[in-house]
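Hello! Here is the structure I promised to pass on to you. Please open it beside this email, and then read on for what turned up in it.

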There are 2 protein chains.
Amino acid sequence: MLLSQTEENYLKAIYSLGYANSNKVSTTLISVELNTKASSVSDMIKKFADKELVHYKKYQGVSLTEIGRKKAIEIIRKHRLWEVFLVNKLHYNWDEVHELAEQLEHIKSETLIDKLETFLDFPTHDPHGDPIPDRNGNIEYHKNMMLSSIENGESCVVIGFKDASDSFLKFLDKLHIKLGSPLKVLSKEPFDNSMIVETESGSISISNQISKNLFVKKI
Amino acid sequence: MLLSQTEENYLKAIYSLGYANSNKVSTTLISVELNTKASSVSDMIKKFADKELVHYKKYQGVSLTEIGRKKAIEIIRKHRLWEVFLVNKLHYNWDEVHELAEQLEHIKSETLIDKLETFLDFPTHDPHGDPIPDRNGNIEYHKNMMLSSIENGESCVVIGFKDASDSFLKFLDKLHIKLGSPLKVLSKEPFDNSMIVETESGSISISNQISKNLFVKKI
DNA sequence: TTTTATATTTAGACTTGTCTAAATATTTTG
DNA sequence: CAAAATATTTAGACAAGTCTAAATATAAAA
Ligand SMILES: [Mn+2]
Ligand SMILES: [Mn+2]
Ligand SMILES: [Mn+2]
Ligand SMILES: [Mn+2]
């Protein structure tokens, strides 16, 4: 089934909102996410129900069907691989690529994104630390979330290290950060993407280089 | 002025049709090129006249204004650079990239295409031998046309070599091809993009590798 | 449990781009 | 040149996606 760009954006919104809100998503929430009106969302949802992309009972919100979820993940896969391309190959800064990826994610092709993935050498995460779904739609959930993608005020616990080099781990040692360490993001600095983090042994500044390499789980 | 994908496709069609037909393009010609109806073209042309993208007098056909021409060349630049990317970096075959480039040429960004051009190391021609306009909209016309882009039955004369290596020129020597040699394309083989070419000293088969490196001028 | 506030859906209208059918202009031909 | 053929434009309709305003359902408050 071939979807329009608009439809793809709706699907993606329902997916990511549902992800944070245990699946059931309200009309208003979607309309806020997509900068549109609730009435427009209502119309689109009816179309989606007909196409069996969502489960929908009037006034009860929507959730994606398996088909809808698959499609949403495909778009997210494209979005994130394009972001890697823009940062790693074209040398964009990580904070400049999102809007461009919003366009590129809608390019239709059976082969393009897999070739791009090969060209990029099968990255596992995008420049913001978010996991890239594989070609079968498998995506690692919270497990592989990066500290860099944690929002202001949110708490998490360290569950792994992406860069497992000696020097990196030694450095973490100095900061008293190890597997199981609870962290709370107190602020984020847009200029260099560093963050102030509260640890068990006090508040410290953490560079983006570090936060991109720390697997965490929200708590 | 921000143009829709549809508008960009119309502009590109008017540009390339006008190029072959000394600028004045008819409604019907455009409708054939874009697989649409003459009435739809009429509607769009009126919009273009309002936006000062075309010169238009009812029933007299259209030609691009300087603004329209600039915009058309921008899109062609994007199309051809994306084609180079797809072939050189993602290893698509040169005959697989056109439809994808038709999508990618519409990605909107102030910076993307220049960064892509740098990444590709400033290619001068796309995989089909067509010249790539520079960032200022300058495009080398017939002058830098490649033998590979000459159509069946057309005649041309050699005006330069892209790959000026010794071995390449020695090889051309053997074929009795040199600056000023007249050539006529007798047939093209889709399988390996080779062509049969009539030279002053007989008909020979020329590989795509060769034809992509011969600058020619139509006669 | 009523009443009130909020959320959601429906109705009707608008825009972009398309189409068919009809009207009008241009070109070709006798 | 006048008639016929062809090309172009206009008129009116339709689909996708959006909006405002009104109707209806759900949730919150009294
Ligand atoms: Mn993004
Ligand atoms: Mn991202
Ligand atoms: Mn092309
Ligand atoms: Mn090309």
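**Salt bridges in chain A**

Arg69(A) has a relative accessibility of 26%, so Arg69(A) counts as partly exposed. Keep in mind from the start that this is a predicted model. The partner of Arg69(A) is Glu66(A): their side chains meet in a salt bridge, with 2.9 Å from N to O. Glu66(A) is exposed, at a relative accessible area of 52%. Both residues sit in helix 4 (residues 66–89) of chain A, and because they are three residues apart there, about one helical turn separates them.

Now compare that with a pair that reaches across the sequence. Lys12(A) and Glu105(A) form a salt bridge whose closest N and O atoms are 2.7 Å apart. Which parts of chain A does this pair tie together? Lys12(A) belongs to helix 1 (residues 5–20), while Glu105(A) is in the loop between helix 5 (98–104) and helix 6 (112–119), so the bridge ties together parts that are 93 residues apart in sequence. Are these two residues buried or exposed? Lys12(A) counts as buried at 12% relative accessibility, and Glu105(A) counts as buried at 0%.

There is another one to look for. Asp114(A) and Arg77(A) form a salt bridge, and the closest N and O atoms are 2.7 Å apart. Asp114(A) is in helix 6 of chain A and Arg77(A) is in helix 4 of chain A, so this pair ties together parts that are 37 residues apart in sequence. Asp114(A) and Arg77(A) are both buried. They also belong to a network: salt bridges with shared partners join Arg77(A), Asp114(A), Glu117(A) and Arg135(A). Over all chains, the structure holds 24 salt bridges.

**The manganese ions**

Let's turn to the metals, beginning with chain A. Which residues coordinate the manganese ion (ligand 1)? They are His79(A) through NE2, Glu83(A) through OE and His98(A) through ND1, at 1.9 to 2.1 Å. Along the sequence, these donor residues are spaced H-x3-E-x14-H. You can find His79(A) and Glu83(A) in helix 4 of chain A, where they are four residues apart and therefore separated by about one helical turn. His79(A) is buried, with a relative accessible area of 7%, and Glu83(A) is buried too, with 1%. Glu83(A) also bridges two ions, the manganese ion (ligand 1) and the manganese ion (ligand 2), which lie 3.3 Å apart.

Next, please look at chain B. The manganese ion (ligand 3) has His79(B) (NE2), Glu83(B) (OE) and His98(B) (ND1) as its protein donors, which lie 1.9 to 2.1 Å from the ion. The spacing of the donors along the chain is H-x3-E-x14-H. How far apart are the manganese ion (ligand 3) and the manganese ion (ligand 4)? They are 3.3 Å apart, and Glu83(B) coordinates both. Glu83(B) in helix 4 (residues 66–89) of chain B and His98(B) in helix 5 (residues 98–104) of chain B are 15 residues apart, and this pair links distant parts of the chain. Glu83(B) is buried, with a relative accessible area of 1%, whereas His98(B) counts as partly exposed at 37%.

**Around DNA strand C**

Now for the DNA. There are 21 residues around DNA strand C, and those that come nearest are Thr28(A), Tyr56(A), Lys58(A), Ser4(B) and Lys47(B). The residues of this surface divide into five nonpolar, 11 polar and five charged.

A polar side-chain atom of Tyr56(A) lies 2.4 Å from one. An N or O atom in the side chain of Thr36(B) is 2.7 Å from a phosphate oxygen. With Lys37(B), a backbone N or O atom lies 3.1 Å from a phosphate oxygen. The elements that give two or more residues to the surface near DNA strand C are helix 2 (27–33) and helix 3 (38–50) of chain A, together with helix 1 (5–20) and helix 3 (38–50) of chain B.

**Domains of chain A**

Finally, zoom out again. The domain assignment of chain A gives domain 1 (5–64) and domain 2 (147–218). Taken over C-alpha atoms, the centres of these two domains are 34 Å apart.

Enjoy exploring!

Methods. Residues are numbered from 1 along each chain as its sequence is written. Chains are lettered from A and ligands numbered from 1 in the order in which they are written. This is a predicted model: local features need pLDDT of at least 70, side-chain atom pairs count only at pLDDT 80 or more; totals for chains, interfaces and linings use all residues. Side-chain values use heavy atoms; hydrogens and water are left out. A residue is near a molecule or strand if one of its heavy atoms lies within 4 Å of it. A polar contact is a pair of N or O atoms within 3.5 Å; within protein, one must be able to donate a hydrogen and the other to accept it, and residues adjacent in sequence count only if both atoms are side-chain atoms. Ala, Val, Leu, Ile, Met, Phe, Trp, Tyr, Cys and Pro count as nonpolar, Asp, Glu, Lys and Arg as charged, and the others, Gly among them, as polar. Donors are N, O and S atoms within 2.8 Å of the metal (3.2 Å for Na, K and Ca); water is not among the atoms, so sites may look incomplete. Buried means under 20% relative accessible area, exposed over 50%, partly exposed in between (1.4 Å probe, protein chains only). Domain bounds come from an automatic or database domain assignment. A salt bridge is a side-chain nitrogen of Lys or Arg within 4 Å of a carboxyl oxygen of Asp or Glu.
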